[in-house]
Amino acid sequence: MSVPVRPQHEAHLEVTVSIPDIDVPLRDDIRAVVADILEIDAADIGWTTGFRGEHGADSLTAIEILSALERRFGITIDQDLLSTMTDLSNTYAVIVEAVGKR
């Protein structure tokens with residue numbers, strides 16, 4: 001018998017980003033902030049490179065990234081979205097949504 005399990009916090013992201021719609025300077029700013037926190041070269045962070053799996057980020061590092069992005073862009077990010085911010089593409093989508101709410 002199997003029982004479906006739902007995560008306690010289901011963050012739902014409404015933003016859909018297609019490649020031609022990407023704001024490159026914004027993407028690069030996000031990449032620079034993440035690289036600074038992860039202490040790696042920004043060029044090593046690909047669009048879908050996992051912060052945890054490929055760059056060794058942990059939950060504390062994820063909170064540091066969220067906080068640094070909030071300060072950099074003058075925004076507030078719902079902490080429920082932290083689990084969504086697993087790579088640059090998803091983090092970009094969260095930032096675009098948060099910047100739009102300012």
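How much space lies in the largest pocket? In this predicted model, the largest pocket holds about 180 Å³ of space. Its lining is made up of 13 residues, and those nearest the centre of the pocket are Arg 52, Ala 62, Leu 82, Ser 83 and Met 85. Two elements, helix 2 (51-55) and helix 3 (59-73), each give two or more residues to this lining. Helix 3 provides the largest share, with 3 residues. By residue class, the lining of the largest pocket contains 6 nonpolar, 4 polar and 3 charged residues.

Helix 3 also takes part in a helix-to-helix contact. Helix 1, which spans residues 24-38, packs with helix 3 at an angle of about 135°, and their axes lie 9 Å apart. Angles over 145 degrees would count as roughly antiparallel and those from 65 to 115 as roughly perpendicular, so helix 1 is oblique to helix 3. The crossing of these two helices is right-handed. On the side of helix 1, the contact is made by Leu 26, Asp 29, Ile 30, Val 33, Val 34, Ile 37 and Leu 38. Helix 3 contributes Thr 61, Glu 64, Ile 65, Ala 68, Leu 69, Arg 72 and Phe 73 to the contact. The residues of the contact between helix 1 and helix 3 comprise 10 nonpolar, 1 polar and 3 charged.

Helix 1 has a further partner in helix 4, which covers residues 88-100. The axes of helix 1 and helix 4 come within 10 Å and cross at roughly 115°. Helix 1 and helix 4 are therefore roughly perpendicular to each other. Their crossing is right-handed. From helix 1, the residues that make this contact are Leu 26, Arg 27, Ile 30 and Arg 31. From helix 4, Leu 88, Thr 91, Tyr 92, Ile 95 and Val 96 complete the contact. The contact of helix 1 with helix 4 divides into 6 nonpolar, 1 polar and 2 charged residues.

Read together, the two contacts share residues of helix 1. Leu 26 and Ile 30 belong to the contact with helix 3, and Leu 26 and Ile 30 also belong to the contact with helix 4.

Key
Residues are numbered from 1 along each chain as its sequence is written. This is a predicted model: local features need pLDDT of at least 70, side-chain atom pairs count only at pLDDT 80 or more; totals for chains, interfaces and linings use all residues. Side-chain values use heavy atoms; hydrogens and water are left out. On a 1 Å grid over the protein atoms alone, a cavity is a set of points where a 1.4 Å probe fits but cannot get out, and a pocket is an open set with protein on both sides within 12 Å along at least five of seven lines; lining residues have an atom within 4 Å of a point. Grid points are joined across faces, edges and corners, and a volume is the space filled by probe spheres set on the points. Helices (H or I, at least four residues) and strands (E, at least two) are DSSP runs, numbered from the N terminus. Ala, Val, Leu, Ile, Met, Phe, Trp, Tyr, Cys and Pro count as nonpolar, Asp, Glu, Lys and Arg as charged, and the others, Gly among them, as polar. Axes are lines fitted to C-alpha atoms, for helices over the stretch in contact, and angles run from 0 to 180 degrees between N-to-C directions. Angles under 35 degrees count as roughly parallel, over 145 as roughly antiparallel, 65 to 115 as roughly perpendicular and the rest as oblique. A crossing is left-handed if the near helix is turned anticlockwise from the far one by less than a right angle, and right-handed if clockwise. Contact means heavy atoms within 4.5 Å.
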